[in-house]
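Biologist: Hi! I'm new to this one, could you walk me through it?
Modeller: Happy to, here it is.

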Amino acid sequence: MAETKRICTFLLRLIAFGTTLSAAIIMASSRERTTVLTLSFEAKYSDAPAFKYFVIANAIVSIYGFLLLFLPSESLLWRLVVALDVVFTMLLTSSISAALAIAYVGKKGNPNAGWLPICDQVTKYCNQVKGALVVGFISVIIYMLLLLYSIHRVLNPLLVEKS
């Protein structure tokens, strides 16, 4: 039973590593040049600080997830992993929230502020950003599941009565 839990945790952490790395790569490679009337412009992720934050946060969490894949299951560092899982889950949550807000403005615009939507002109860019955000959201869900499991794993021995 313990071996099955260990394998499931390893696979879930491997998937989490893959999703955070994919989200960072997809967002970092989002770029499109277009011409509207006679004006040419390029849309890229680095134009929005929230998208930069999203890439950096996902890259940091990817490195963390990669390092955890090599942590022995008997290590006492797993107690520290609970605290780090909380920190990195919140980091991912804040980065996806910021990126979603900017993506929404890019898609719908803000007529009150005079900001026009850009997704009609740069559809490839917007689709790539949308894909990065979907993968990022999946990684947040996976990290929340890992956080719950980590808390359970650390607290369960403390809550079980010894007779």
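**A first look around**

Modeller: Let's start with R31, which is partly exposed because its relative accessible area is 40%; buried means under 20%, exposed over 50%, and partly exposed in between, using a 1.4 Å probe and protein chains only.

Biologist: Before we go on, what kind of model is this?
Modeller: This is a predicted model, in which local features need pLDDT of at least 70, side-chain atom pairs count only at pLDDT 80 or more, and totals for chains, interfaces and linings use all residues. Residues are numbered from 1 along each chain as its sequence is written, and side-chain values use heavy atoms, with hydrogens and water left out.

Biologist: What pLDDT does the chain average?
Modeller: The average is 90, and 95% of the residues score at least 70. pLDDT is the predictor's confidence in each residue, from 0 to 100.

Biologist: Which elements have the lowest and the highest mean pLDDT?
Modeller: Strand β1 (residues 31-36) has the lowest, 85, and helix α2 (residues 49-68) the highest, 96. Helices (H or I, at least four residues) and strands (E, at least two) are DSSP runs, numbered from the N terminus.

Biologist: Back to R31, where is it and what is it in contact with?
Modeller: R31 sits in strand β1. Leaving aside neighbours within four places in sequence, R31 is in contact with E42, A43, K44, K124, Y125 and Q128, where contact means heavy atoms within 4.5 Å.

Biologist: And how far apart are the C-alpha atoms of R31 and V129?
Modeller: They are separated by 9.3 Å, with the two residues 98 apart along the chain.

Biologist: What does V129 itself touch?
Modeller: Beyond neighbours within four places in sequence, V129 is in contact with M27, S30, F51 and A103.

Biologist: New topic: which residues touch the most other members of the largest nonpolar core?
Modeller: Of its 32 residues, those are M27, F51, F54, Y125, V129, L133 and Y143. The elements giving two or more residues to this core are α1, α2, α3 (78-108) and α4 (123-159), and α4 supplies the largest share, 10 residues. A nonpolar core is a set of buried Ala, Val, Leu, Ile, Met, Phe, Trp, Tyr and Cys residues joined through side-chain atoms within 4.5 Å.

Biologist: How about T89, buried or exposed?
Modeller: T89 counts as buried because its relative accessible area is 0%. T89 lies in helix α3 and, apart from neighbours within four places in sequence, is in contact with Y143, M144 and L147.

Biologist: Great, thanks!
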